[in-house]
Amino acid sequence: MPEIRPFKGLRYDPETAGDMGSIICPPYDIIPPTMQQELYGSSEYNAVRLELPKEDDPYGAAAGRLLQWMQDGVLMQDDKPALYPYYQTYTDPEGNTYTRKGFFCALRLHEFSEKKVLPHERTLSGPKKDRLNLFKRTQANISSIFGLYADEKLQADKAIEEFAVTHDPEVDAVFRGVRNQLWKMTDPDVIATVQQVLLDRQVYIADGHHRYETGVNYRNLRSEENHSHTGDEPYNFILIYLANIFDEGLIIFPLHRMVHSLGRFSPEGLIDTLSTHFEVKPLGGRGELKHYLESESSSHVYGVVTSEGIWGIKLKDSPETLLGDSVPAPLLQLSVVVLHELILHRVLGITPEAMRSQTNLVYEEDDRQVFDAVEQGGIQVGFVVKATTVQQVLDISGEGEVMPQKSTYFYPKIMTGMVMHKL
């Protein structure tokens, strides 16, 4: 693993800023305009005003606020380097409650080619340009990336848990049903234990690919400008939340696909065409579909929801036979790869470009919303999928491959405003 370090976190002072539940916000890339406006109204200090300002000059607005809030005592920088354990307690759509446990630290930046930090998704130039502008103006990591590591013995987790249960959290805030707790851990022995455990492990990026690549670009720019560059400056590191893949609270939700605005679409014609390569089973409703997907061990099973009926479909042949060399072998284990290539592209005629731009495609994490959208008539067909597993993320990243857009949905998102990292 790349070097991880404790850092002097930049944090809100609750006594000055107020209720942290009204201050934290999701990462920029899942904040639509309606939520942005709502967050602006929740507090004059809401972190969205740094993460995704709505002003004409968003980067200048963020930089000005950051400086002003530090001067006013709304934000304070800790005087000692620390690791920051971060627990999120949440309930899934089926009513099950989990607590995902991890911690914030500063992670040394490396090019992906060095194989110390591995991606699993492609990135786009637009978001990277946006985040680089924010890095330059604020000279801070406002929000964190989300990384995974593998420690089956849970050594770091146990050390952090022993600390957390004996100390009160610095932040204990609820945002949209998710409880967010943050501790400040400065004990050098515990920190050394965590660093030692993670020393020989790779980091897999779960979320925040654009921010990570932006961090590398920013480091390169700063090092070129700094004639006395040593490699120990804060800009050589990026704020990251790390979670163990063996943590019981680490869950990936499925992201279902909903198709709309296709010309000459026929539910009966779709099912007839799919029967060539899939076993097709009519189903009576959401409950039957849920049972069908859970009872099938194959990754390549799907629910098809239309106004004319619901079906469960299962791939007859191996994906290798059907897709051949058109898809890299490691990706063929993913249900969404077969869905995108065989069904969305070849059967429904949606081009890869249209999928990337979401011209005919909407993503939804709650399968109940798929049924509702089809019933209301805005969606022609919904595809209910199985979730990508954490092991599949690690296997594909380890092979140097990247997944299609929206292959994973790690829930809950890492909240912005828990702690920030000055560069």
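On a 1 Å grid over the protein atoms alone, a cavity is a set of points where a 1.4 Å probe fits but cannot get out, while a pocket is an open set with protein on both sides within 12 Å along at least five of seven lines; lining residues have an atom within 4 Å of a point. Grid points are joined across faces, edges and corners, and a volume is the space filled by probe spheres set on the points.

Before going further, note that this is a predicted model: local features need pLDDT of at least 70 and side-chain atom pairs count only at pLDDT 80 or more, whereas totals for chains, interfaces and linings use all residues. Residues are numbered from 1 along each chain as its sequence is written, and side-chain values use heavy atoms, with hydrogens and water left out.

**Enclosed space**

Searching the whole structure turns up 4 cavities of 30 Å³ or more. The largest cavity holds about 60 Å³ of space, and its lining is made up of Tyr87, Lys101, Gly102, Phe103, Tyr149, Ala156, Asp157, Ile160 and Glu161. Two elements give two or more residues each to that lining: strand S5 (97-108) and helix H6 (155-164). Helices here (H or I, at least four residues) and strands (E, at least two) are DSSP runs, numbered from the N terminus. H6 gives the most, with 4 residues. By class, the lining of the largest cavity has 5 nonpolar, 1 polar and 3 charged residues.

What about the second largest pocket? About 570 Å³ of space lies in it. It is lined by 22 residues, and Glu94, Pro254, Lys290, Glu294 and Val385 are the closest to its centre. Strand S13 (251-253) and helix H10 (286-295) each supply at least two lining residues, with H10 giving the most, 5 residues. The lining of this pocket divides into 11 nonpolar, 2 polar and 9 charged residues.

The largest nonpolar core counts 95 residues, and Tyr12, Phe104, Leu148 and Phe383 have the most contacts inside it. Helix H12 (residues 335-347) gives the most to this core, with 7 residues. Apart from it lies another core, of 30 residues, among them Phe103, Ala164, Met185 and Ile191. A nonpolar core, by the way, is a set of buried Ala, Val, Leu, Ile, Met, Phe, Trp, Tyr and Cys residues joined through side-chain atoms within 4.5 Å.

Phe383 sits in strand S19 (residues 381-384). Is Phe383 buried or exposed? With a relative accessible area of 0%, Phe383 is buried; the cut-offs are under 20% for buried, over 50% for exposed, and partly exposed in between (1.4 Å probe, protein chains only). Contact means heavy atoms within 4.5 Å. The C-alpha atoms of Phe383 and Gly312, 71 residues apart along the chain, are separated by 9.7 Å.

The side chain of His256 reaches the backbone nitrogen of Val385 at 3.0 Å. That is a polar contact, meaning a pair of N or O atoms within 3.5 Å; within protein, one must be able to donate a hydrogen and the other to accept it, and residues adjacent in sequence count only if both atoms are side-chain atoms. Beyond its neighbours within four places in sequence, His256 has contacts that include Val362, Tyr363, Asp366 and Val370.

| Residue | Phi | Relative accessible area |
|---|---|---|
| Leu154 | about 60° | 28%, partly exposed |
| Arg264 | about 55° | 88%, exposed |

Leu154 lies in the loop between strand S8 (145-149) and H6, while Arg264 has its place in the loop between S14 and helix H9 (267-274).

Where is the cis peptide bond? It joins Tyr411 and Pro412, with omega about -5°. Pro412 lies in the loop between strand S20 (409-411) and strand S21 (421-422).

Finally, Asp19 is in the loop between helix H1 (14-17) and helix H2 (33-42). With a relative accessible area of 55%, Asp19 is exposed, and its side chain reaches the backbone nitrogen of Gly21 at 3.1 Å.

Notes: Ala, Val, Leu, Ile, Met, Phe, Trp, Tyr, Cys and Pro count as nonpolar, Asp, Glu, Lys and Arg as charged, and the others, Gly among them, as polar.
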